[in-house]
Amino acid sequence: MSTVFQCPVSIVAETISHLQEGAKRNCETVVLWLGRDVGESIQITDVYLPQQEVSIDYFRIPASSMRLLMAELRRSRTKIVAQVHSHPGLAFHSSADDAWAVVRHIGALSLVLPRFASDTCVADFSKKAAVYQLDATDNWREVQFDHVLQIVK
Ligand SMILES: [Zn+2]
């Protein structure tokens, strides 16, 4: 899969700030990146913070929140291209993360930030984030950030 996701730096900044709001409460946080296909690449256009139930090592998007999300996708004519969430400790894809993912199409991305993103900034986001991509066998494979994501102005 060679599709490159183009992510504006403003979206990286907004993502970090949502995750750090969770850090203040010692909770995981999930945001979704919405976007569109533009030629061979995918342009990320919005960060969406779904209503969610969270705790120190857990997040869940209830059905009512999923309905709001689907309405937003129709309104904005976008699709979910990635999910980004924080962990209390290390950044990795847990078995719960594997089993539950709001994005389940081939090529979708899942990013995990360590330590609730409390020590992440725009400049080191690409170093701190662990990036996974759903492959054709429905497995989340870790990939190099730079191979799939390009942070753009
Ligand atoms: Zn997780």
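**Overall architecture and the setting of S41**

S41 is buried, with a relative accessible area of 16%, where buried denotes under 20% relative accessible area, exposed over 50% and partly exposed in between (1.4 Å probe, protein chains only). The structure is a predicted model, in which local features need pLDDT of at least 70 and side-chain atom pairs count only at pLDDT 80 or more, whereas totals for chains, interfaces and linings use all residues. Residues are numbered from 1 along each chain as its sequence is written, and side-chain values use heavy atoms, with hydrogens and water left out.

S41 lies in strand 3, which spans residues 41-48; helices (H or I, at least four residues) and strands (E, at least two) are DSSP runs numbered from the N terminus. Apart from neighbours within four places in sequence, S41 is in contact with T3, V4, Q6 and R36, contact meaning heavy atoms within 4.5 Å.

Across the protein chain, the secondary structure comprises five helices and ten strands. The radius of gyration of the chain is 14 Å, close to the 15 Å that the globule rule gives for 153 residues, so the chain is as compact as a globular protein of that length; the radius is taken over C-alpha atoms, and the rule is 2.2 Å times the number of residues to the power 0.38. Of the 153 residues, 48% count as buried, and among contacts between residues at least 6 apart in sequence, 64% join residues at least 24 apart.

The UniProt record, an unreviewed entry, places the feature "domain: JAB" at residues 12-99, in the numbering used here, with a shortened feature name and with annotations that may be inferred rather than shown by experiment.
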